[in-house]
Amino acid sequence: MSGLVDTVQAWPIWGIGGPAWAALAALLVVVLQHGGTAGIHAAMGRDGMIDHRRAEAVGALRGTVALAALMGPVFAAWTVDALSSPERMDAYVRANEVLIAIYGPVTVVALLSFVLARTMPWQVRSNLNSAVLGTLELLRPWIAAAGVAAAAAATRDPGVAALGAAAVVTGLLVGPLTRRWWYARPVRLADLGVAPEAGRP
Amino acid sequence: MRTAAATGPLEVLDVLWDCALPSGERIPVRRDDARGLLAERGQHRGARLVDALPAREDGTLDQDAVDQTLLAVHLELARLSEFVHVPQAMAHSLAPIIARLRDRAGGTIRVVDVGCGLGFDTRVVAASGALGADVEFVGLDLNALLVDAADRLARAESIDVRFLHGDALDPCLAIEDPDRTLMISSGLLHHLGRDALPAFFARHAELGVAGFAHFDPSPGFWTDVGAWTLHRTRMREPISRHDGAVSMRRALPSRDLLAVAREGAGDAFDLACDEVPRLYPQPDRIVRPVVGHPR
């Protein structure tokens, strides 16, 4: 038992400092937000309801589950490599700083737009939805790839580049996978509610 | 298929489904006929989408598959409408007309959504109560499947909208008191086509309805960019994406829309259809109305 405790205590992650922890936490938020929103987008346009919070909640859950399943192996590989030595951990800390410098502002813009879209008049909401959120959604793969390319360039580390590329590829698969989840079965009339005759008093 | 005689590009949904008039009874569509209509217009991608649909031994399209396609595309369209806030734009355009009707006399005002599809816009406006408690809503569509679906969805959320099976070009079954009836639609005008629009607007004048607000895409560079972005990011069905792009090519510019409305309705209404600026994007007006105010 004490051997295990000693091993955990020897992990270089405990010495990375507050800013590096903050970058790691922020990156985790960005990744989880990606999974959740990818799942919500996949759920759109399948239930026909005007109140589709339930579909969105299910979508967010599916997106998060798909994210965990797809990125789990990448996270495990990152853990093994990063915890293997202080030098490896330093490389990932540097990569995280670069990633958050690129993904952070984009995520803040997306979240701000989302909050504004919920609180502003419909004309502003419509413009934010189309011009900001729609554009960011379209650019999502390119932004993700740009972050990893920048991190790889900053660290000049093949391991960081390989794991980063794997993370982007698996992360971008969350959307298509959850879409397939929703679209695997076609929507039929019965899914949309009770037949008019049956519902009439 | 009712639009098969129209010139210009067709949407895939236009050729998958047909019905007899005035009964509205569904007519089976041959897959070769449907794909031929698209292929002869050079729409080979659309033709391939039709090819991908299953057909029966007699060559007609499998109706269950067509129904599933119709539902899937209309469900995505509803979500797109929500994304660009078409229901709110509708309420915004109707509010001043309704206020004038209220000033003239009391009583219930009816809003009839012609070619309502799943009735999403009408359900949103009705559920919001934005137009007042004295306004009732009726949806009208020639496709019985969509009327059935709209009815189920309204019941599922206890929204007080009635949906009827009928022709947008002859909506009299939805009209009881024309003086207190407003006609609305979203994305219907480009389906009808330029040639049919004067008769469509003339019917409003003949029926003597109090006014109308028909929403359709405003064609132009920024609309094309916006529509492409939204269809890429918000729509999954290949037919949705195809038809979304085609609908932008079929929509009429504001001045043309105003001209056909004037040709049909004459002096019965004060007409307005604002030009959308072309120099900068204005997503909230990607779909804009031609409005007929009561004189």
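View 1. B:R110 has B:T181 in β6(B) as its bridge partner. This is a predicted model, in which local features need pLDDT of at least 70 and side-chain atom pairs count only at pLDDT 80 or more, while totals for chains, interfaces and linings use all residues. Residues are numbered from 1 along each chain as its sequence is written, and chains are lettered from A and ligands numbered from 1 in the order in which they are written. Strand β3 (residues 109-114) and β6(B) run parallel and are joined by 4 bridges. Helices (H or I, at least four residues) and strands (E, at least two) are DSSP runs, numbered from the N terminus; two strands pair if DSSP finds at least two bridges between them.

View 2. Strand β6 (residues 181-186) is largely enclosed by the rest of the structure, because 6 of its 6 residues are buried (20 or more other C-beta atoms within 10 Å of a residue's own, C-beta atoms being placed from the backbone; exposed means 12 or fewer, and partly exposed in between). On one side lie B:T181, B:M183 and B:S185, and on the other B:L182, B:I184 and B:S186. β6(B) also pairs with β7 (residues 211-217) in the parallel sense over 5 bridges, with B:G211 as the bridge partner of B:L182.

**View 3. The open sheet of chain B.** Its 7 strands follow the order β5-β4-β3-β6-β7-β9-β8, with mixed pairing. β5 (161-165) and β8 (269-272) stand at the edges with a single partner strand each, so one side of each lacks a neighbour in the sheet.

**View 4. Helix α7 of chain A.** Among the buried residues of α7 (residues 174-183) are A:V174, A:L177 and A:W182.
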